[in-house]
Amino acid sequence: MNQKASHQIISGRMMWLDFLRLAAGFSIIGMHASSDPNGLPFPDFDTAQRVAPALFRAVVYIARSELFWIISLFLLCLSLEQRPRSYGTMVRQQAKRLLLPFVFWVFFYAFYRLIKAHYFGYDAAIWAELSSGWAWLRYFILGSVQYHMHFLPTLFGLALMVPLFLYAVRNPWLGLLVFLCLFVKREADVWMWANLRDMDGFPYLVRAVKILTYGGYGMVAGSFLGLCKQGMDHQRLKDWLVFALISSVLLFSIKLIYTYKVIMAGNYAYNYTPAFWSDFLMPILLFLICMSAGLARWPAFISKIGKYSFGLFLMHPIFLDGLEILMAEPTLSPGAYVLIKFSAALTMTALAVWIVSKIPALAWTIGLGPLPFPTKLFGGKKYEVDPQL
């Protein structure tokens, strides 16, 4: 068997991973732009007018936050395989890489929200939160300060389980545990929301279950790396690609059924179980598709802009909030509203990320520069988020 094929996939600059990170960044912005100001699928409009936003959401929802987690854990496992280091060192590095920017953005969004809150008349509630120590505890532990900030503390929690994921590198079949983990997540969530939602600390329990069950994605990341290290020839990669493509088409057909339900009801059909499996398995298949096509010719510009995906993720709510204020009056059709909101948010966020990356005092907040202050606790001033650089 020719082992060079799959080894080439995880050597040098992995442009297929850059593409995945960009896809995940675009997807997150698209998902957050695909609903009305209340986060709903435009229930106040006619059924026909809900079609375009719902279909748009079905497409962009393929690459979810879960794809970011698989990518990050894949790269973490790869770095530990190539440069072994102690568990304590790894934890300190991940804390510096993830939690320092997280602290910055927690403070930023805690007060930035007041602009939108003032416009829509709920600023008193935000000020009440800001004066509560318990609210700040939720901000820092759960990332509840803004709808996307849960990503970083959750990823840090997953990084703490990396020894398990490294075991999957040596035993790729363990990636199949993702099915058991997702099954447990689904059943545990249903039971907790039905029986425990009024208990103190409920959000923390939900997050703990999420981190533990999302460990399945870490096992997938480790198993994919293990398959690459074991060696696969071109025919084997082609077989994986065909499998992933066929599976993706079948799962997307389920998403279309779910989308039809959303269009007709004007609400998200959370109790449609097949959609749960489609949503949570699609990021795995998308990763497998790109990994299997890793030897293909990828456009060179992807590697140049891929490093900005972290910034796109972190900064896009700044502009989505502003656009929701500017577009508060219902003068547009849902389709036009989503198109303008997405394209404008993406354009302005990309420009802002590029500008911030050029400012030494701020570039570290999006993972593109050294810290401007000493961090002896985390091993000096050197700092880098992007493991591929």
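## Crossing of H9 and H12

H9 passes H12 in a right-handed crossing; a crossing is right-handed if the near helix is turned clockwise from the far one by less than a right angle, and left-handed if anticlockwise. Helix H9 covers residues 162–170 and helix H12 residues 215–230. Helices here are DSSP runs (H or I, at least four residues), numbered from the N terminus. The two pack at an angle of about 35°, with their axes 6 Å apart. Axes are lines fitted to C-alpha atoms over the stretch in contact, and angles run from 0 to 180 degrees between N-to-C directions.

From H9, the contact uses Leu164, Phe165, Ala168, Val169 and Arg170. From H12, the residues include Gly215, Gly218, Gly222 and Gly226, along with Met219 and Leu225. Contact means heavy atoms within 4.5 Å. By class, the contact of H9 with H12 has six nonpolar, six polar and two charged residues. Ala, Val, Leu, Ile, Met, Phe, Trp, Tyr, Cys and Pro count as nonpolar, Asp, Glu, Lys and Arg as charged, and the others, Gly among them, as polar.

## Model basis

This is a predicted model: local features need pLDDT of at least 70, side-chain atom pairs count only at pLDDT 80 or more, and totals for chains, interfaces and linings use all residues. Residues are numbered from 1 along each chain as its sequence is written, and side-chain values use heavy atoms, with hydrogens and water left out.

## Packing of H7 and H11

Helix H7 (residues 133–142) and helix H11 (residues 202–213) have axes that come within 11 Å and cross at roughly 5°. H7 and H11 are therefore roughly parallel to each other (angles under 35 degrees count as roughly parallel, over 145 as roughly antiparallel, 65 to 115 as roughly perpendicular and the rest as oblique).

H7 contributes Trp134, Leu137, Arg138, Ile141 and Leu142 to the contact, and H11 contributes Pro203, Tyr204 and Arg207. By class, the contact of H7 with H11 has six nonpolar, no polar and two charged residues.

## Salt bridges

The whole structure holds nine salt bridges. A salt bridge is a side-chain nitrogen of Lys or Arg within 4 Å of a carboxyl oxygen of Asp or Glu. One of them joins Lys116 to Asp321, with the closest N and O atoms 3.7 Å apart. Lys116 lies in helix H5 (residues 87–120) and Asp321 in helix H16 (residues 309–326), so the pair ties together parts that are 205 residues apart in sequence. Both Lys116 and Asp321 are buried (under 20% relative accessible area, with exposed over 50% and partly exposed in between; 1.4 Å probe, protein chains only). Salt bridges also link Lys116, Asp321, Glu324 and Lys341 in a network.

Asp279 and Lys255 meet at 2.7 Å, N to O. Asp279 is buried at 10% relative accessible area. Lys255 is buried at 4%. Asp189 pairs with Lys185 at 3.0 Å between the closest N and O atoms. Asp189 and Lys185 lie four residues apart in helix H10 (residues 177–195), about one turn of the helix. Asp189 is buried at 17%, and Lys185 is buried at 8%.

## Ser65 in H4

Ser65 lies in helix H4 (residues 65–82). Ser65 is buried, with a relative accessible area of 11%. Not counting residues up to four places away in sequence, Ser65 touches Ile28, His150, Phe151 and Phe313. The C-alpha atoms of Ser65 and Pro283 are 8.6 Å apart, across 218 residues of chain.
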